[in-house]
There are 2 protein chains.
Amino acid sequence: MAYHHGDLRRAVLDGALAAIEADGPAALSLRDVARRAGVSHAAPAHHFGDKAGVLTAIAAEGYDLLAAATADALTNGERFLDGGLAYIRFALTHRAHFEVMFRPDLHRTDDPALAAARAAAGAVLFDGVRRQLGERAREEDVIGGVVAIWSFCHGFATLWLSGNLDRTRAPEAVAEAAVATAARLADADAFQG
Amino acid sequence: MAYHHGDLRRAVLDGALAAIEADGPAALSLRDVARRAGVSHAAPAHHFGDKAGVLTAIAAEGYDLLAAATADALTNGERFLDGGLAYIRFALTHRAHFEVMFRPDLHRTDDPALAAARAAAGAVLFDGVRRQLGERAREEDVIGGVVAIWSFCHGFATLWLSGNLDRTRAPEAVAEAAVATAARLADADAFQG
DNA sequence: CGTTAATCTTGACGGCGTCCAGTTTGGCGG
DNA sequence: CCGCCAAACTGGACGCCGTCAAGATTAACG
């Protein structure tokens, strides 16, 4: 085994992601990750400083991936919901990233790289909604739209990942059906009882 | 210090809840909880068997509290959304419970008491939606309504708790504004681009 | 080719969850 | 009122963890 690993940083991230995917973020052990990477138990700390550093890097990477995944759908998607479906698809296919990103107690929220990645991903969301609503849309409506679609998609993804939704149908189909139902209920003034 | 604590079970739960509220579930230490309860480090295990046992009990208690909190609003609420606002309010005021309930990797998901509490809370949600839609509602629509309102409210609560939403306004106001915006967008066929 | 900085190792420390054998205590049958 | 049993709790041990400090190894560059 070479003294220098080559790309230990990447290896630690990948090992941590695999471990989180398997057993959740709580069960992550840096020593185990180091062991699997064929490296001493203290090596990871040299690249990330800290366990929180590893999770911070994962969260930042997650925001980058999320921004890339949603950017297309939100700029080119035909429907308001297409960006949302991309969000859901990201959460389900990058479960480990997703679970770390929205757990502030696990990482250093003041990390500059993380803050930048988060801000960029947020900008993608806002711009996409603004574009859907047209340039003359009131800022108030943009915010409302962002909160609405973000909350729905985030909640759906979280509930799906935590096993609270019926998984016999495809997630996209379930989500679309829910939105369609909600739209019909809104039309029928069901929200006002 | 008396050899018998009196109600150590409750003391452990309360101590754990306080610790989770302060630093998140990942930072929970049974030894620390025992210390604060004035009891030996191995005492909690005698009541819960396990750290996962403590978290399982917290999750079950959370589902009971959630069911109670939403039952009123969903049966007596005038609007479809009232139950949802109760859900959000529960999440924000019982943050520790909420954060454990939806993290299956932290507790024993096959625990009978937990499964029963979860099923009861789910039944409250389903019945509330069914009542809002009328007895003649198709099961398909009930499911769609449940997924829609549950996803939105759960996502909103999660995003709020993780610090991703603007907290200068009251959560209920932000949530209602988002729903109103989404309803108008649905009316305007904005979902279809 | 030598020096310097980055990379990694080794060992130590305290804290953690969990198991185990032993101690104390409340409560119940007599 | 007493003795006894089961429940509650203690104290210590074990292995694993994250983190720190000091030293060994290597890559890169003048």
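This is a predicted model: local features need pLDDT of at least 70, side-chain atom pairs count only at pLDDT 80 or more; totals for chains, interfaces and linings use all residues.
**Stop 1**

Chain A holds nine helices and zero strands. From the N terminus on, the order reads α-α-α-α-α-α-α-α-α. Switch to the C-alpha trace of chain A. Along its principal axes, that trace spans about 65 × 40 × 25 Å.

**Stop 2: packing within chain A**

Colour chain A by burial. Of its 193 residues, 43% are buried. Next, draw the contacts in chain A between residues at least 6 apart in sequence. In that set, 64% join residues at least 24 apart.

**Stop 3: both chains**

Chain B superposes on chain A by a rotation of 180 degrees, with 0.0 Å of shift along the axis and an RMSD of 0.0 Å. The two copies are therefore related as by a two-fold rotation axis. The same surface serves both copies, since 100% of the contact residues of chain B recur in chain A.

**Stop 4: the side of chain B that touches chain A**

Select the residues in contact between the chains. There are 45 in chain B, touching 45 in chain A. Which helices of chain B each supply at least two residues to this side? Highlight helix H8 (139-161) and helix H9 (171-187) of chain B: each of them does. H8(B) gives the most, with 14 residues.

Finish by colouring this side of chain B by residue class. It divides into 26 nonpolar, 13 polar and six charged residues.

Key:
Residues are numbered from 1 along each chain as its sequence is written. Chains are lettered from A and ligands numbered from 1 in the order in which they are written. Helices (H or I, at least four residues) and strands (E, at least two) are DSSP runs, numbered from the N terminus. A residue is buried if 20 or more other C-beta atoms lie within 10 Å of its own, exposed if 12 or fewer, and partly exposed in between; C-beta atoms are placed from the backbone. Two residues are in contact if their C-beta atoms, placed from the backbone, lie within 7 Å. Copies are superposed by least squares on the C-alpha atoms of residues with pLDDT of at least 70 in both. Ala, Val, Leu, Ile, Met, Phe, Trp, Tyr, Cys and Pro count as nonpolar, Asp, Glu, Lys and Arg as charged, and the others, Gly among them, as polar.
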